[in-house]
Amino acid sequence: MLINKIYKELNSEGIDRYTFSEKFLKCSKNTYNYLNHKKRDMSVNTQLTCFKQLSKQKQTEAVSKCMDLISSNIKSKYALNITV
């Protein structure tokens, strides 16, 4: 699932699941846990929100990889190109 790939990358930068949910998904602190437990992935709206929040961060390798993951996922499913 895309959410797990993104979280794994950001976790390597020291971001915990609660911060990930609140800061990058702009949801409650338990959103990542809930989606992971229910085996659900991020909605398109949440992906776009996450992309926007990532674009505001210092551009590290992990942040760039996360943005690429979201961009390629949206492009493959919806034929939309998103860039910073």
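The model is predicted: local features need pLDDT of at least 70, side-chain atom pairs count only at pLDDT 80 or more, and totals for chains, interfaces and linings use all residues. Residues are numbered from 1 along each chain as its sequence is written, and side-chain values use heavy atoms, with hydrogens and water left out.

**Exercise 1.** Work out how α1 and α2 are oriented to each other, and which residues meet.

*Solution.* 
- Start with the elements: α1 covers residues 2-11 and α2 covers residues 17-24. Helices here are DSSP runs (H or I, at least four residues), numbered from the N terminus.
- Next, get the geometry. The two helices pack at an angle of about 110°, with their axes 10 Å apart. Axes are lines fitted to C-alpha atoms over the stretch in contact, and angles run from 0 to 180 degrees between N-to-C directions.
- Now classify: angles of 65 to 115 degrees count as roughly perpendicular (under 35 is roughly parallel, over 145 roughly antiparallel, the rest oblique). So α1 and α2 are roughly perpendicular to each other.
- Then list the contacts (heavy atoms within 4.5 Å). From α1 we get I3, I6, Y7 and L10, and they meet R17, F20 and F24 in α2.
- Sort that set by class: six residues are nonpolar, none is polar and one is charged. For the classes, Ala, Val, Leu, Ile, Met, Phe, Trp, Tyr, Cys and Pro count as nonpolar, Asp, Glu, Lys and Arg as charged, and the others, Gly among them, as polar.

**Exercise 2.** Is T31 buried or exposed, and what does T31 touch?

*Solution.* 
- Locate T31 first: this residue sits in helix α3, residues 31-37.
- Check the accessibility. T31 has a relative accessible area of 15%, so T31 is buried. The cut-offs are under 20% for buried, over 50% for exposed and partly exposed in between (1.4 Å probe, protein chains only).
- Look at the side chain: it reaches the backbone oxygen of S28 at 2.9 Å.
- Finally, skip the neighbours within four places in sequence, and T31 is in contact with S21 and L25.

**Exercise 3.** Describe the backbone and the exposure of K26 and K39.

*Solution.* 
- K26 lies in the loop between α2 and α3, while K39 is in the loop between α3 and α4.
- Phi of K26 is near 60°, a positive value in a residue other than glycine. For K39, phi is near 60° as well, again positive in a residue other than glycine.
- K26 counts as exposed, at 53% relative accessibility. K39 counts as exposed at 68%.

Definitions and conventions: Polar contact = N/O pair within 3.5 Å; in protein donor to acceptor, adjacent residues only side chain to side chain.
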